[in-house]
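Keep the viewer open as you read.

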Amino acid sequence: MQGWLRMGRARPWLALLIVAILMCSIQSGHAAEPLPAPRGEVLLTVGGEIGRGNAQDASGRLEARLDRAMLEQLGLTEVNTATPWHSGTMRFEGVLLRAVLGLVEARGSNLLATAHNEYSATLPVSDAARYNVILAMKLNGETMTLRDKGPLFIIYPFDSEKALQNDMTYIRSVWQLRHIDVR
Amino acid sequence: MPRRFTPRELSTHPEALAGAGRRFVLVLVGTVVALSVVLTSYFYIQQRENSSFSFQNVVWDGVQFRNEHQVFRVTLLERMAEAPGVSAQDVQRRYDILFSRLHLMRDGHTAGIYRSDSELHALLQRIEPVIRSWDTLLTAYLAGDRAAGFAIVEQSRGLDADFSTFAVGVNTVGVKRLEQSRERLSSLNSVLIVAAVVTWLLVIGFAIALMRQLRATENAHAEMQAMTADLEQARREAEAASRAKSNFLAAMSHELRTPLNAVLGFADIMRQGLFGPVGNPRYADYVDGIVKSGQHLLSLINDVLDMSRVEAGKLDLSESELDLRQSVEEAFDLVTVTADGKGVRLTRALPAVLPKLQADPRLLRQMLLNLLSNAIKFTPEGGSVEVAAAVLTDGGLAIRVRDSGVGMTDHQLKRVFEPFSQGDSQRAREAGGSGLGLPITRRLIELHDGQIHLSSRKSAGTTATLIFPASRVQMLADAT
């Protein structure tokens, strides 16, 4: 009877240990598999607190360089919304931000998004989880170039929620996006 | 000494009180509704203002536009100066970024704001075609035409003044809009303050009105209670006074009878000449007068005594099962002399089978006597008085006394049950009597739970009907 009780007390510790070991093995298993190298022009680089990449930045840290094909592989999501920078409702197509973050195994809580014109804004990672924030690549079916704020444009589904229609969200909607630093 | 009762005046009429309350509540509800409508619409408008694109972004965009123009030129010059690390691609990218600003001047919120200012609009009209024209020049330069690069730099320098004016203009527009929204905010604040003050006033007004109404209600309640107490007191006093009057009359009537009996007794002795004849025949007449007057007075006193007994509630029924035929007989015995003396014929029409009646025999006799003596009194010589009885369909018993006398008009008929009144006062004076006969009879039949009906026509006689309820009538199948 007493021995059984002692066993019962030991059991949760044992279980926790097993789970911890399992989680470590999963983490290390993924980290061991790097992203393939980009074949085309790099549209986006993701650096900072990431677990998966395919290159190193100037200071030798892991970096993920993504070309159009790699992004499109994540699947395109459509967001129909009006924005303060366009007249009327627009049809945007792009990859979900949370899919990109998943791909590079981002671990931070904030994202510093930087554009080609050196404009930058900080986004909380929770935004990507809560809303279908996309990195838009197409506008009304047409691939966006630098001249029309491409190649990547952070688009929130503004029309889906009143709370998104404010300046804080607008300044996070970085266009001509080129780099994301996970912090 | 009974207190004189004066009805109180209520200081506030209850209905006026309720009306004032209703009006107040209506005004209150109306004000609250109006207030909330005003506030809600104000907040709604404010909310819409807030949700729209901020003007700070417009200013930022204007400054960025100018910036990117500068950066492009610097990159181009760097490229032309063959600075290390500046590629043809960099120049092209800088141009594309500058180019991407152009559509902001046509689409979206910013474009609307630029268009709303004629000076900004004019500047853009000048700037935009120049920048667009650089597309081909840049392509030429990147293909090796240095002159095209110089042309772009030259034109770009020419745009500097316009860009400066544009940036300042955009800033001015932004500041103006900001000022407007600040004014709107301050006006909203004043509305809020006014609303708060109005709300406070309403609350205070409501509290005051509530207190006043409460006090008024309390007052009204107290007044009502006092009035009720007064009324109760007055009722007790009135009842006591009425009882005192009846007691007084009963006592006095009794006291009056004692000396009157002495007067009547002595007068009777004198009339009969028990101790020798009365000397002068005139005196004999006077003695007769004394006896008659005395007897009349005695009957009056008896009536008053009965009436006051009934009024004082001192008359109790001593009921027994009695034979109606016998009661009628006894009553006839008492009035036959009077009727014969007057030459009035008395008849009765009683059915062969009569039910037993549950009643007070003395009071029944008195009722019959009252009706009979009235009938005889008001029937001239040669007339007739008839007593009849019948069982009614509902089981009650009706006793009818009909005369062929002078009768009464409708007007007289109405007043005949009032004490001390007689149908025809002229005739009544001739006939004598107290005028209490019918009122007493009515009280007595009512004591038996019955009714009396009187019908009459002038010069066509009068019919009085006593009705006993079915509960007092006992049908006997074998009665003879």
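## The cores

This is a predicted model, and its largest nonpolar core has 41 residues. Inside that core, A:I134, A:L135, A:A136 and A:L177 have the most contacts. Strand β8 of chain A (residues 134-139) gives the largest share of the core, four residues. If you click on A:A136, you'll find that it touches A:F92, A:E93, A:G94, A:M144, A:L152, A:F153 and A:I155, leaving aside residues up to four places away in sequence.

There's also a second, separate core of 33 residues. Among its members are B:V304, B:V328, B:M367 and B:L397.

## Chain A overall

Chain A has five helices and eleven strands. Of its 183 residues, 33% are buried. Take the contacts in chain A between residues at least 6 apart in sequence: 56% of them join residues at least 24 apart.

How confident is the predictor here? The average pLDDT of chain A is 85, and 83% of the residues score at least 70. Two stretches call for some caution.

Start with α5(B), residues 118-142. At 1.5 Å a residue, its 25 residues should span 36 Å, and the end C-alpha atoms are 37 Å apart, which agrees. There is still a bend of about 30 degrees at B:D135. Which residues of α5(B) are buried? They are B:L120, B:L123, B:L124, B:I127, B:I131, B:W134, B:L138 and B:Y141. In an α-helix there are 3.6 residues a turn, so residues three or four places apart point the same way. The cover over the buried residues of α5(B) includes α3 (88-102), α4 (108-116) and α6 (146-272) of chain B. Just past the helix, B:G144 takes a positive phi of about 120 degrees.

Now for α9(B), residues 361-377. Its 17 residues should span 24 Å at 1.5 Å a residue, and the end C-alpha atoms are 24 Å apart, in agreement. This helix is mostly covered, with twelve of its 17 residues buried. Those buried residues include B:M367, which also turns up in the second core, as well as B:N370, B:S373, B:N374 and B:K377.

## Where the chains meet

The contact takes 17 residues from chain A and 15 residues from chain B. On the chain B side, α2 (55-80), α3 and α4 each supply at least two residues. The largest share of that side, five residues, comes from α3(B). By class, the side of chain B that touches chain A has seven polar, four nonpolar and four charged residues.

Most residues other than glycine have a negative phi, and most peptide bonds are trans. A few spots here go the other way. A cis peptide bond joins A:G150 and A:P151, with omega about -5 degrees; A:P151 lies in the loop between β9 (142-143) and β10 (153-155) of chain A.

In chain B, B:E82 has a positive phi near 55 degrees. B:E82 is in the loop between α2 and α3, and is exposed, with 7 other C-beta atoms within 10 Å. B:D449 has a positive phi too, near 65 degrees. B:D449 belongs to the loop between α12 (437-447) and β6 (451-456) of chain B, and is exposed, with 11 other C-beta atoms within 10 Å.

Note on methods
Residues are numbered from 1 along each chain as its sequence is written. Chains are lettered from A and ligands numbered from 1 in the order in which they are written. This is a predicted model: local features need pLDDT of at least 70, side-chain atom pairs count only at pLDDT 80 or more; totals for chains, interfaces and linings use all residues. A residue is buried if 20 or more other C-beta atoms lie within 10 Å of its own, exposed if 12 or fewer, and partly exposed in between; C-beta atoms are placed from the backbone. Two residues are in contact if their C-beta atoms, placed from the backbone, lie within 7 Å. The expected span of a helix is 1.5 Å times one less than its number of residues. The bend at a residue is the angle between axes fitted to the seven residues ending there and the seven starting there. Ala, Val, Leu, Ile, Met, Phe, Trp, Tyr, Cys and Pro count as nonpolar, Asp, Glu, Lys and Arg as charged, and the others, Gly among them, as polar. pLDDT is the predictor's confidence in each residue, from 0 to 100. A nonpolar core is a set of buried Ala, Val, Leu, Ile, Met, Phe, Trp, Tyr and Cys residues joined through C-beta atoms within 7 Å.
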